[in-house]
Amino acid sequence: MSHDAQLSPRQKLRTDAEVRLLGESPPDASSDLPSADHLLRELRVHQIELGLQNEALRQAQLALEQSRDRYLDLYELAPVGYLTVDCSGVVIDANITAATLLGVDRGRLKNQRFDRFVAAAEVDRWQHKFSGVMIRGGLQSFELALGIADRQVQVSCLRVEGRDPGESGYTLRMTHADTSEKKRLDDELACHRQHLEALVFARTAELAAARDAADAANRAKSSFIANMSHEIRTPMNAILGMTHILRRSGVSAEQAAKLDKIDAAGRHLITLINDILDLAKIDAGKIVLEQRDFRLADLLASIDVLVGNSIRAKGLALHVDLAGLPPVLHGDSMRLCQALVNYLANAQKFTERGGIVFKGRVVEENEDSYALRFAVSDTGIGLSAEQQQQLFQVFAPGDSSTTRTYGGTGLGLALTRRIALLMGGEVGVDSAPGQGSSFWMSVRLGKAKGGIRSA
């Protein structure tokens, strides 16, 4: 540690004065000086020492004044109001912000009772809060309405000892933060919330009424379709039965050809009725898929019975490629057969020459099920991009010209899409005009549960 660091402030001041007097290090204390010269030197050192003390005091005073100015700026211009209130509720001191919040000049604010600036309805409440703080002490915060219109402040109060040393009693230090804008925004938000709740309630009621009306209309539609299907199917079965009887009773070739047309038309109408009824049941959620084991060979046999002969009778080649498919699957074989038959019948209808390829592949396998993809590709007329966008919708064939030429309502494809969705899959088509079409569908079927054997 240096020698200067060991000196007291008084000793250091003395040393600095001696250095300034001589312009050099202090003389050795053992040196002999004449008595008069020594006294003069001591007086001069003391004079310089007093000058240094005065300069230090002046710097300290300057720093104190600067600190006080900063404090006053912070106090006067603070975003909250500061007040000091004596034990009788009279304002002793306040900053500019407090006077502004109370709506008076600061000169008029001092020596006024604070309750004069409180809203009339809040005076008793203020007196209760004020008395509580003055008696019990501690810090309390609460909202208070002022006499100025719509002015709300958040008040924080703290009891302290007398303002000046030796002053008896307590004073109250208060801060005021203007919450009028916040209250206005809160009230506006509450109003908007109530309005929104009313709108939501009204809209919910409208939607509930619309849903009930739609449900009623859907039930009426389903009931109508079921009744009409029954009413149409009954005479159609009679027509088909009479056609069969007439054919057996012995008819000419011309009559047989006419009976064949009647039979074909009747069967077409029966198929159409069945498709409409199935679509209505699916839309109403009344179709539940069967879950049972079935053989893939039995599925192919059913498909061949329904469409195989008509495809071959038209002179079209039919190639089936189901390599890799499990011989036994678990699910609704009847609905899967219905969807695939719709694809094959559609391909047969729009293909005049060439052939049809029916493919099936496993695209994913997990512990319990398979994701399968089936595709039916033909060499028919194909479809434009616009026509493809309309497919798989109810009563939406490719266009009116193809409907007139080839027949069809679009119900088969719409029904296939519904079945694929029920089986956890989807549908699609890849096609171009004059280049044929490939209709595909994906389904998820379970693995065999051991109910039947594969062979």
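This is a predicted model: local features need pLDDT of at least 70, side-chain atom pairs count only at pLDDT 80 or more; totals for chains, interfaces and linings use all residues.

Guide: Residues are numbered from 1 along each chain as its sequence is written, and side-chain values use heavy atoms, with hydrogens and water left out.

Visitor: Is N111 buried, partly exposed or exposed?
Guide: N111 sits in the loop between α4 (106-109) and α5 (123-136); helices here are DSSP runs of H or I with at least four residues, numbered from the N terminus. Buried means under 20% relative accessible area, exposed over 50%, and partly exposed in between, using a 1.4 Å probe and protein chains only. With a relative accessibility of 65%, N111 counts as exposed.

Visitor: How many salt bridges are there?
Guide: A salt bridge needs a side-chain nitrogen of Lys or Arg within 4 Å of a carboxyl oxygen of Asp or Glu. One of them joins R113 to D115, with the closest N and O atoms 3.2 Å apart. By this rule, the count is 15.

Visitor: Which helices do D260 and R247 lie in?
Guide: Their side chains, D260 and R247, meet in a salt bridge at 2.7 Å, N to O. This pair ties together parts that are 13 residues apart in sequence, so D260 belongs to α7 (residues 253-283) and R247 to α6.

Terms used: Helices (H or I, at least four residues) and strands (E, at least two) are DSSP runs, numbered from the N terminus.
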